[in-house]
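Visitor: I would like to learn how to read the packing in a model like this one. Could you walk me through it?

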Amino acid sequence: MTLSIRKASSSDILNTFNLSNDSIVRQSSFTSDPILFQNHEKWFNQILDNKSILFYVIHDGENFVSQIRYKKTSDTACEISISITEEYRGKHVGSQCLSLSIQELKKEWKCCSIVAEVKEENSASNNFFLKNEFYLVRKYLKDGNTVFVYNRNISNNRTFIIAELSANHGQKLSIALDTIKAAKEAGADAVKIQTYTPDTITINCDNEYFQIKQGTLWDGTILYNLYKTAYTPWEWHNELFEYAEKIGITFFSTPFDKSAVDLLEKLNNPLYKIASFELNDIPLIKYAASKGKPMIMSTGVSTLEEIEEAVQACYAVGNYDITLLKCTSSYPAPLDEANLLTIPNMIKRFGIKIGLSDHTMGDIAASTAVALGASVIEKHFILDRSLGGPDADFSMEPSEFEIMVERIRDVEKTLGSVSYELSDKMKKNRKFSRSLFAVKDIKEGEVFTEENVRSIRPGDGLSPKYLPEILGKKAKKSITFGEPILWDLINLKG
């Protein structure tokens, strides 16, 4: 079987019509009524002209095998619909078709997340998606049917590295602009700021509830005064976004209330970050997620139940492009509290992208996290720690950040991909692997024994696994000391 894939064209209208009306396909669909040809023709032509839909057909030679449709739901997420013809069901071609289509999808769109909706009673499709690395992330009622929602992360292996500007501008716009430039030069993929004012994040009150005395860098002040020092003035935002776009670096922000989201939407903020201390603010998460942008959420002070609630809040408004960041909300965070083994567990548990918001000193935690599967690294960034400020002590300077980026990229190279293939260089090095050689002169008709044949280096003879089969057989011709043992030297009949 040789499968080929291409985009659907007008010549495929009849095949797709027949498959769409297949009895099994109709039972699996949310509307089971037969489809009239004129309705299919209208729908099909609209699909071909829709830039938000990729429609693929797959053939085995001349035989029609499958149709797969992707519908873009955001810049980085899409929905999938897949059908296999009756002739090819049960032949395990579905996974191959899916794999082919994902390869084509990645060429067309920068898609990180594929979502599938399946009726609960459709056991074949439910099993198919689970078998093909989709995770069950939600279930809900739709037209009287229980619908299972699956999500699969198909993002590439390049780590998205974020330089967190935070309060490291010292209330000077020029420093903020210089920091953005320095972050780009140090290899950051993005720069993040925070969008709040002291009055949108807290109130000006100095009673015991608002005093900082938890053993932090900021003990001795009240929340309002801390945020008055740390916030990024809203009147800077437009210039910061424009400057980042001009020099070619992704720029986005963490909103702390709905008014911040509204401001960021006007500035075309490309993605949203939810801070650890806001992960329990479900209305804020839903509001930000409803904008259809990728969501990054830190988990530093949340229970597992609260993390699950935050993820479900995104799903509830149709946003499946989510990254959770493992985080230790201490400033700075001790290495022995990083608990980075949580990262692979989070990947398995949630089935979405996982990263690290790193408050430890140095870059060992960041590079280790990438080795464990983190796809996003966030690190505080400052031009010079001598500038001071609330976050200066645990922020990286440009030279340190650049070294971290280099180490992460080296880790990515080291990780590579799952492969049992031998490179050309590895094949050449097989010369030095073990094989069977004559370790004594062997006369024609002489029996092979462990005294005259051994497994040694180099690898020019037969594999050592054949030694038991050869022992007791006779030599077809004379073999000299140091000659590789090959099949044409062995009388296999005894």
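Guide: Gladly! This is a predicted model. Let us begin with Phe-401, which touches Ile-161, Ile-162, Ala-163, Ala-186, Ala-188, Lys-379, Phe-381 and Met-396, leaving aside residues up to four places away in sequence.

Visitor: Which residues have the most contacts inside the largest nonpolar core?

Guide: The general idea first: in soluble globular proteins, nonpolar side chains tend to be buried together. Here the largest such core has 64 residues, and Ile-285, Met-297, Leu-324 and Phe-401 have the most contacts inside it. Helix H12 (residues 304–316) gives the most to this core, contributing six residues. There is also a second, separate core of 28 residues, with Ile-58, Cys-78, Trp-109 and Phe-129 among its members.

Visitor: How many disulfides does the count come to?

Guide: A disulfide is a covalent bond between the sulfur atoms of two cysteines. In this model the count comes to zero. Take Cys-111: its closest cysteine sulfur, in Cys-78, is 3.2 Å away, and the cut-off is 2.5 Å, so this is too far for a bond.

Visitor: Is Cys-111 buried or exposed?

Guide: Cys-111 counts as buried, because its relative accessibility is 6%.

Visitor: At what angle do the axes of helix H6 and helix H9 cross?

Guide: The axes of H6 (residues 173–185) and H9 (residues 237–247) cross at roughly 30° and come within 10 Å. Angles under 35 degrees count as roughly parallel, so H6 is roughly parallel to H9. The crossing of H6 past H9 is right-handed. Residues making the contact include Leu-173, Leu-177 and Ile-180 of H6, and Leu-240, Tyr-243 and Ile-247 of H9.

Methods:
Residues numbered from 1 in each chain as written. Predicted model: local features only at pLDDT ≥ 70, side-chain atom pairs only at ≥ 80, totals over all residues. Heavy atoms only, no water. Buried < 20%, exposed > 50% of the residue type's maximum accessible area, 1.4 Å probe, protein only. Core = buried A, V, L, I, M, F, W, Y, C linked by side-chain atoms within 4.5 Å. Helix = DSSP H or I, 4+ residues; strand = E, 2+ residues; numbered from the N terminus. Contact = heavy atoms within 4.5 Å. Axes fitted to C-alpha atoms, helices over the stretch in contact; angles between N-to-C directions. Parallel < 35°, antiparallel > 145°, perpendicular 65-115°, else oblique. Left-handed = near helix turned anticlockwise from the far one by under 90°.
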